[in-house]
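Biologist: Can you put the model up and take me through a few spots? I'd like to begin with charged pairs.

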Amino acid sequence: MLTLDDRLVDLSLVELLHNADDVRCVEGGTPGEKVAVIEFLLAICYASGTYPKSATQWPAWVDQKDALRPAAEWLAQRPEDEVWDLFHPAEPLGQNALLAPFLDEHGAGPAQLVIERVGDYNQFFDHHHLEHPSPLPVAQAFRAMLTQHVYGPAGRARISGKETLGATITNLAATRLGTRIRVIALGDSLGETLRLNLAPVSGSPGELNRTWTVGQERRGFKAKPSGRTVTGPADLHSYLGRSILLRPTRTGDHVDRVLLGAGELLALTNEHLQDAVYARKADGTSKPLWASATRAVWRQAHALYAAVAEARSEAGGNDGGTLYRRLALFPAEDVAPEPGQQPARRIDLWTVGLVAKQTTAIAWVDGTFPFAPGLEARLYLASYRGSDIAEFVASALSKAAYAAWTVAYPNPKPADKTNQIARFDARGQHWAATRESFDLLMEETTLGEDVQASLLEYAATVTTTARRFLTECLDPLPRNSQGAKARAAALRRFDDELAVPKAPAELRGETS
C-alpha cells in the first residue's frame, strides 16, 4: 500500500481499513488487481454495515475521517468459527474446497492464477508455461485470485468435468467486470476513495462470500444454471466468479499449484451497474462502456461528465442510486475557480477495463479524468470537443494516406492495397500522442482556464503534431517526381480536410 508520504507498506486487511485515511491507495501489478482489492474492501464495508445511511447523509459522510474503522473492528472481531484463512482445508478464503480431491492431479502451476500469464484457457492448447513450478508469494496469489473473480475472461478451463465436479466446471463465463469498464471515484486517500464508492443501502447489504461451501447456496456443475439473485452489495462485490483452489508450499508462504474452474453466475440488473456509463454500438444500441484495443477510454470521457450533469438536472432524482447521482449531491461551485487554482473539491474518475480477444486477455486499459462538482458542463464540453477534434484529425490522416497511395502505387495489386496504405497512415502515432494533450486540456479546464481558449490551443497542438507524423510516414517515398507528387498530394489532402465547413471550428482557429 502507498502511504500519504509515498512509502510502500504491507498491511493486513484489518490494518488497511483501520488506517485507510493514512494510505493513499492500494498497490498492485495491474490496474485490474488494484480494482479487485478495492472491490473486496467495499464488500467488507457493506457486510459490516459501514456505509452511509441515506443519500442526504452521503456528502458529509465522505468527509468523515475514520468512518471506516467500524469495518476494521468488525473484521477483527469475527467469531472463531468464521475462518479467514487462505489455506483452510474446509473453508479456504475466496475458494472452493470441493476441488481439493482433484488439485494434485488436475492442477497447474501458479501462473494459471494470473490473468496476464495464463494465455488462452482452452484445455486443448499447449500450456507448458502453466506447469512451471515457480511459486507465487501468498499476498500476490491472494490479489491474483481476487482479480480472477472480478475480471476473468470467458473460455474453457483446463480441468476435466468428467473426472471432477461435472461437465460445466470447464465452462468459464466472463466475470462481472470482464466485459465492461469499471469507474471508481478516487479521493485523496484510500479512506476517502472507499467512502466515495460506498452507497446507501435500502434493504439488506447481503452476505459476504467468504468461501464457496459456506453461506450462499451455490450452483452445481452438472448443467449450466441460471444466474442467482444478488442478495445485496456485499454479495455483489465479493462474488466468486471462479471456482479456485490454491495449494501452499510446505512453508506456507507461497502458492505452488492452482486449480481453476467455472464459478458463480449472477442475475445482474441496472441497480448492480451503479458506476456504468453507456456508449452506443455500431448497430445503434447502447451498452455499458467497454474496453477496446483500438478506441482508448479517453475518447469516451465525455460520457462520465454527461452522467453527472444529467443527474444534477433531474429534479428530485438525486437518490444516490448511482455513482453519478451521488456525485451530483455535492454542492456545485457558484463560479469556476480562478485560472490556475484547484477547485474546492476535486475527485478523479478512474476507468479500468480488460481487453480480451475471445478467451485471451490482451491488455489492461485505464484512464483518470478530473471532476469537480459544478464543473461537469465545462468538463463535458472540453472532453466532447477534444474527442471530436481528435477524431476528425484522425480521419484527415486516413484520407491523406489514401491520397499518397493513389499516386505512389498507380497500378497496385488488390491484395497489396491494405499494407501499402498502412505505410502512410499516421493514425497510430496520432492517437498515442493525443492522449497527453487531452489530459492537459482536461487539467486546464479543472483549474479554471477558459475552455474555448484551451480548445483552440489543443486543436493547434494536435494538428501540428499530426502533420509532423504524416510527414514522417511520407519520408520513405523515393526522392523522384512520383514521390514528390505523392507527398504533396497527401499533405494537400490533409490540409484541405481540416478546412472543410464540417470540420470542428477549432481546427479552423474559430470557436464553436
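**Charged pairs, strands and a few single residues**

Modeller: The side chains of Arg182 and Glu39 meet in a salt bridge, at 2.7 Å from N to O. Arg182 belongs to strand E6 and Glu39 to helix H2 (residues 31-47), so the pair links distant parts of the chain, 143 residues apart. Keep in mind that this is a predicted model.

Biologist: Are Arg182 and Glu39 buried or exposed?

Modeller: Arg182 counts as buried at 1% relative accessibility. Glu39 is buried as well, with a relative accessible area of 0%. The cut-off for buried is under 20%.

Biologist: Which pair is there in helix H16?

Modeller: Glu497 and Arg493 both lie in helix H16, four residues apart, which is about one turn of the helix. Glu497 forms a salt bridge with Arg493, and the closest N and O atoms are 3.1 Å apart. Glu497 is buried, with a relative accessible area of 9%, whereas Arg493 is partly exposed at 32%.

Biologist: What does Arg467 pair with?

Modeller: Arg467 forms a salt bridge with Asp495, with 2.9 Å between the closest N and O atoms. This pair also links distant parts of the chain: Arg467 is in helix H15 (residues 451-474) and Asp495 is in helix H16 (residues 481-499), 28 residues apart. Arg467 counts as partly exposed at 29% relative accessibility, and Asp495 counts as partly exposed at 34%.

Biologist: How many salt bridges does the count come to?

Modeller: The count comes to 30 salt bridges.

Biologist: Back to E6. Which strand is joined to strand E6?

Modeller: Strand E6 (residues 182-186) is joined to E13 by five bridges, and the two run antiparallel. Val183 has Thr351 as its bridge partner in E13.

Biologist: Why call E13 largely enclosed?

Modeller: Because eight of the 11 residues of strand E13 (residues 347-357) are buried, the strand is largely enclosed by the rest of the structure.

Biologist: What about E13 and strand E14, how many bridges there?

Modeller: E13 pairs with strand E14 (residues 360-371) over 11 bridges, in the antiparallel sense. Ala356 stands opposite Ala361 in E14. The hairpin of E13 and E14 has two residues between the strands, and Gln358 there takes a positive phi near 55°.

Biologist: Switching to the open sheet: in what order do its three strands come?

Modeller: The order is E3-E9-E8, with antiparallel pairing. Strand E3 (136-137) and strand E8 (242-248) are the edge strands, each pairing on one side only. Two bridges join E3 to strand E9 (residues 254-262), and Pro137 has His254 as its bridge partner in E9.

Biologist: Last one. What does Gln420 touch?

Modeller: Leaving out residues up to four places away in sequence, Gln420 touches Trp405, Tyr409 and Pro412. Gln420 is found in helix H13 (residues 417-422), and is buried with a relative accessible area of 11%.

Terms used
Residues are numbered from 1 along each chain as its sequence is written. This is a predicted model: local features need pLDDT of at least 70, side-chain atom pairs count only at pLDDT 80 or more; totals for chains, interfaces and linings use all residues. Side-chain values use heavy atoms; hydrogens and water are left out. Two strands pair if DSSP finds at least two bridges between them. Buried means under 20% relative accessible area, exposed over 50%, partly exposed in between (1.4 Å probe, protein chains only). Contact means heavy atoms within 4.5 Å. A salt bridge is a side-chain nitrogen of Lys or Arg within 4 Å of a carboxyl oxygen of Asp or Glu.
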